[in-house]
Structure formats: C-alpha cells, structure tokens
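Please have the sequence and the structure in view while I talk.

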Amino acid sequence: MLVMGEVRTGLLQNSGEIPESLCQSVLGLLSGERVRVSRRPIVYAVSPDQLTGVDCRLASASRARVRGVGTVLSRASVTGGRLLQGSSHIRVVRSESDHRLSWSHYLARAGVVEVFGKVRVPDLAEGFAENGARDDCLDLGSVSERFMDAVQASPFLDRKAPFRSARTRLRWVAECGGPGSTGTGNTSAGTGAGAASGSAASGGAEIPGTGVLSPEGPAIRFTLGRDQVRTLRLVLPGGFTPGVVDFCEDLALHDWLLTTLLVIVERARVGTATRGEVTAKLAPAVDHLLHLWMPAARLDEGFAPFWETLERRPGFSRQWQSLVERVRDQIAINTLALLREAGGW
Amino acid sequence: MLVFAISDKGGTGRSVTGSNIVYRRALQGSDVCYLDFDFGSPTAGAIFSVSSAARGTAQGGMHRYLEGRLADPHRIDIWSESDREGLRTKPPGAGQMVLFPGDEGGGEFSTVSEEMLQRCVRLFARLEEEFDLCLVDLSAGRSFAAQMALAATARLPGVPFRWLVFHRWTRQHIIAADGLVRGQQGLLAVGVQHGHDEEALADHIRFVRTAVLEPDAAELEGLRETQKAWLNECDRELRELAGRHRVGRTSMLGKIPLDPVLQWREQLISDEDVLSSQIANAETVAAFDDLAKKIVDDSAWEAL
Ligand SMILES: Nc1ncnc2c1ncn2[C@@H]1O[C@H](COP(=O)(O)OP(=O)(O)OP(=O)(O)O)[C@@H](O)[C@H]1O
Ligand SMILES: [Mg+2]
C-alpha cells in the first residue's frame, strides 16, 4: 500500500508560547470535538481528525492521468505551545468499482483515496514526492496549510510573533508492506489494510533512483529541496500504522527547528555585528526555540531506528547541538564583554 | 507589515521606487517581499532583472492565485534567480528578498468576489508570518486591487499596514495625489465602506515624491540667473499648493531625487552603481535607504 502526506510546520503567531488551556481553544476552532493533549515530555495538543473529500487527479511521474476519489485525513497540532503543524495524508488503494460511488462509501473509509484503473506505485510515489501539486493534481500541502491558516487566524492569538520565519513543507511517501502484499508493484483491489501491496519488501516496487531503499528491511531517505520543501521516502515492510504520521510530523518539527535556528544564527552576523546586535538577534532563539528539541519523544518504539539513521546522516542532533552551543557561547561572551565595558569587571 | 504602493497617475515611479525600497530594506537585514498587484502590467520582474518574469510569470502568479486557480503562487528568490550578477550573492546579514510576480497576460479584475477577498486575506496573513515587510504594488488610480487591499486589511486587525502614495512634483500630480486619498471614491472613502475608521486610516497614509529636481541641484548649475529665479518661484508655488492639498512636508514620508540611471532604465540601484561604476547618484541611494528606514519607523508615522 502507498501512503503519502504532507506536513507543514511554522511558528504559532503569538508573542509568547500559549498555555495548554489555550491550545484547546485555538485548535478547537476546527471542529466541535475535543482536542487531545499529552503533557510529557512536552505539551502536545492535536485537533480532532478532519476529513476533506476529494475527486481529482493524482500526480504521477509519467504524467499518466490518474483519478482518485476519497477523503484526505488532516489534523493540526501545537507543540510546546509554540510550533504549529498542519498534517494531511492519504492511503491509496485501487477502487473495486470502475465509477465513482456514493460519498457514504468514501466517508466510511477515512483517509483512503481510491484510484481507478491500473496504476504503478513507483509512478505515483515519484510523482508526488518530486512534484507535489502539479497541474491541478491533489495538493495535500495546501489542505494542511488551510488548517494552519484557520489556527493562525484564531482570535486567541495576538499575532505578535517574536521573529519572522518561513513555513517548511515535508512531503512524505511510505510504501507499506504487510499481510496480503502481492508484490506486483501495482495497487491491488481492495479498500482496507489487508489489501496492501506494492511494498519494496516483495521486490516488485523498487523505486527508481533511490539507491538507499533496501529491499529487505525498513528504509528511509530524507532530502532537502528548494523553497522549504523536504521529501521523505519510507519503506515499511511491516505495514502502515498511524505511528508513521506521528513520525513524519516529528521529523518535520525538528527539521523546522534546525532550519529556523540556522537562519537566526546566520542573520546574527557573529564576528561582524556589534556584540549588542548579535545578542539581540540570538535572544529569540533562546527564549522560544532551544527547549523544544526532543526528537522521537512521543514516538512508537518501532520508529527509533529511523531516527537513528537520520542522526547518523544528515545528523540532525549533531548540527542542532553545535548551533545551540554557538548561540549560548555567543550570548555568554557578549554578556561578559558588556559587563566589562560597564566597568563591573 | 504590509505596505501598499499606489499613485493616481501611471508612470509615477511607484514600481521603481517600491522595488528599491524593498531592496534597501533587505540590505538592512529585514526579510522582504514584493507583490505585483498591478495586474494589467506586471513589470516588477524587469526591475529586479528576472527576465523570465519581465512581463509577469507563466508559472502562476498573483492574478491566478487570487482567481483560485492555484494554491501556491510562484515565488522568485531574487538573491538566487536575478539575471544581474551583482544581485546574485546575498550580502552577509541581508534578509530574504522574494518577488511574487503577476501573470503574463493577466489583466485587471473587473470585480472582487468574496472568495477572492478571502484568498487575499489568507495570502497577506501567511506572508506576514514570514516577512518583516511585504510591499504590494497596486496599479495606478482607483482599482479593484486597491479596493481589495482596503477590504483585506480591514479583516486583519492584528497585521500592521501602511500606504505610500507616490506622486511627481508637478501641479497635476499634487492635486491628483490628494484626490486619490481624499476625493470621491478615494482611499479614505472606500476604506470606510470596508470598515476602516477614517481618521485611523488617514494616519496610515503618507506621500512620496518621485524624480524630484531641486532648484539648487547640481544638474541645474549652468542655468541663467533668470531661469533659476523662475524655477525657485515655481518650486515655492508647488510647495504652497502641496500644503493646501495636505500633501505637504508633514504628510510626506520622503522624496527621491531625479536620477540619471532611473530616467533611462527601470532597475535597482546598487551600491556598485554609485561607488564603482558611478553611473547613479549617491543621493538617490541615500533617499531610498532613508525611505526604507522610515517605512518601519513609528516616529515617522505619528498622528498628524
Ligand atoms: N527617481 C527617478 N528619477 C528618474 N526617473 C525615474 C525615477 N523614478 C522612476 N523613474 C522612471 O519613471 C518611469 C516610470 O517609473 P515606474 O515604472 O516605476 O512608474 P509606475 O508608477 O510604476 O508606472 P506604471 O503606472 O506604468 O506602473 C520609469 O522609466 C522609471 O525608470
Ligand atoms: Mg509600475
């Protein structure tokens, strides 16, 4: 089975972090149901699942006309009262019918998009990962972004963010194996979890151009693109679990933190600008970002190997740690220098 | 902050001045973007030396975004995509500089629908997250684009905005600039229709004089005494006229001198153009620099 999604991550537009009680109000705007909150090791609040009905083309690398009908599953979340994410995904299966069925059929399968005719998994996976929403194709990123916009427009937020930052876009594609895998590389007929196919584990759906994807075990490949786009390719022989979505959101969150801190440090012009200016530019990072770094904190054990792979290369935490040390050292040195100038030392 | 650039007459210098302000602000370290809302003639790409978007983009620009035909309007990172070599390296400490071009063959809107307005509101809110300064180049005169800007800002109470009204230093331009703000279907009147408070809106509007030739400018040195006296008299009259039309010094945010380079070509003026090749005047760059600071300086925007 093919699962694909897009996570957009940005700074909640408020002067400070918001308390847990406000997370409820801010995310509750999306629907009447309750917001789920977990408190350890970091406050994480997530909206109820949102469904968006779609009937449109899916991107394909070969530009084949692939029509998909179903629902997109989305949610918005706030981490540490400070970071906002919009996340959407679909599970792609082949339709058993050759025409569109009633909406009740699709609504009963939340997050499933059924495609008509024969499609090749690598073609869809590649098309989505490389191009996202080309030529009127399903645009999961903009669905995610809509939910973010709704949160950012909340009257509970003061819109006075401490610094400017770009939203990042993590587009992910997971090829999931599991019971019932046919190994043909095509999506087989079916609507549920048991009908998954197209896994690289069975050898048939090797993804062209992604040498690191091992046919035997789970595999992951993370790529930085332009315009804040990142792509993540996953192979999950064990099949799809909702934990995949959590993992992708967690990765997107930490990638945003790293991306944003890099910009803040670059702009501080360490060594060129005056000590006061450098400190002023770095201070928001200390106030709002440094404490949020907690990779894999909320994830299923099963995803630990993925994080370990990413920690080896590109080495997220290594780069983050070195940046954090640089920020702290700069602030310490600058404070000492300012004290000395003031005659205190 | 959203900054709307407008003028009553065409060819005033709105786009060239607006682009240079954005450029100066980026050099000063802010993250800036330029939105081409001059749907009828989206030429900002040419000023930023992006030839692929010289007359708007073919990849989905502002016009198509507002029509709802795409979710992500085309964005051009000037520091990496400009054809001008001197612009292609971002100086250390400079902010982002992004152009959101118009569409090739877009055309003015003939109405603003509720959906279009919502898209505009969403766009402004998103860009405000990312950029310190978003300059929106509206077309000349009373356009639907200007109306949309007024309506959108009325719906975004948390997002600060300012208006710059560009005009040349002539009788006709001074009178027209006043009319655009305070006349029939002017900015204030339309703003009030969309829910703005008239006085508060007026406090967010300032005038910018473009291509000004001061009577004591070096360019005029060779003139006869009688000519100089006549010019001085004209200038005095204009100042008086401007005062009467409330376009005078107190409501002016800045003035840009007439520049030989800009007279020949619509472009960004780099420090290089002033220091090494010496084709542009240092006063012009100083005026852009000053304006770029004043736009965000609250003391320059205290109630009149
Ligand atoms: N300070 C200046 N000195 C000399 N020429 C200038 C100056 N500012 C602008 N110009 C020139 O005036 C002309 C009109 O400028 P510009 O295109 O910026 O005006 P505009 O108001 O945007 O026009 P339009 O209404 O057509 O969009 C251009 O040729 C430009 O180079
Ligand atoms: Mg123009």
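An oxygen atom of ligand 1 sits 2.7 Å from an N or O atom in the side chain of Glu266(B), and please bear in mind throughout that this is a predicted model. How much of ligand 1 does the protein bury? Taken alone the ligand exposes 630 Å², and the protein buries 84% of that.

Stepping back to the whole shell, 18 residues surround ligand 1, and the closest are Ser15(B), Val16(B), Arg168(B), Leu262(B) and Glu266(B). Three elements of chain B, namely α1 (14-27), β8 (252-257) and α11 (260-264), each supply at least two residues of that shell, and the largest share, three residues, comes from α1(B). By residue type the shell divides evenly, with six nonpolar, six polar and six charged residues.

Let me turn to the interface, where 22 residues of chain B are in contact with 21 residues of chain A. Interface size is often given as the accessible area lost when the parts come together; here chain B and chain A bury about 1800 Å² between them, with 36% of it on carbon and sulfur atoms. Across this interface there are ten salt bridges, and one of them joins Lys90(B) to Glu266(A), with the closest N and O atoms 3.1 Å apart. Which helix of chain B gives the most to the side that touches chain A? That is helix α5 (residues 114-130), with six residues, and the residues on that side of chain B divide into six nonpolar, five polar and eleven charged.

A cis peptide bond joins Arg40(A) and Pro41(A), with omega about -5 degrees, and Pro41(A) is in the loop between β2 (36-38) and β3 (44-46). Another cis peptide bond joins Arg313(A) and Pro314(A), with omega about 10 degrees, and Pro314(A) belongs to the loop between α7 (304-312) and α8 (316-341). Arg269(A), in the loop between α5 (243-268) and α6 (275-288) of chain A, has a positive phi, near 50 degrees.

Technical notes: Residues are numbered from 1 along each chain as its sequence is written. Chains are lettered from A and ligands numbered from 1 in the order in which they are written. This is a predicted model: local features need pLDDT of at least 70, side-chain atom pairs count only at pLDDT 80 or more; totals for chains, interfaces and linings use all residues. Side-chain values use heavy atoms; hydrogens and water are left out. Contact means heavy atoms within 4.5 Å. Buried area is the accessible area (1.4 Å probe) that two parts lose on being put together, summed over both. A salt bridge is a side-chain nitrogen of Lys or Arg within 4 Å of a carboxyl oxygen of Asp or Glu. Helices (H or I, at least four residues) and strands (E, at least two) are DSSP runs, numbered from the N terminus. Ala, Val, Leu, Ile, Met, Phe, Trp, Tyr, Cys and Pro count as nonpolar, Asp, Glu, Lys and Arg as charged, and the others, Gly among them, as polar. A residue is near a molecule or strand if one of its heavy atoms lies within 4 Å of it. A polar contact is a pair of N or O atoms within 3.5 Å; within protein, one must be able to donate a hydrogen and the other to accept it, and residues adjacent in sequence count only if both atoms are side-chain atoms. Accessible areas come from the Shrake-Rupley method with a 1.4 Å probe; for residues, only the protein chains shown count as cover.
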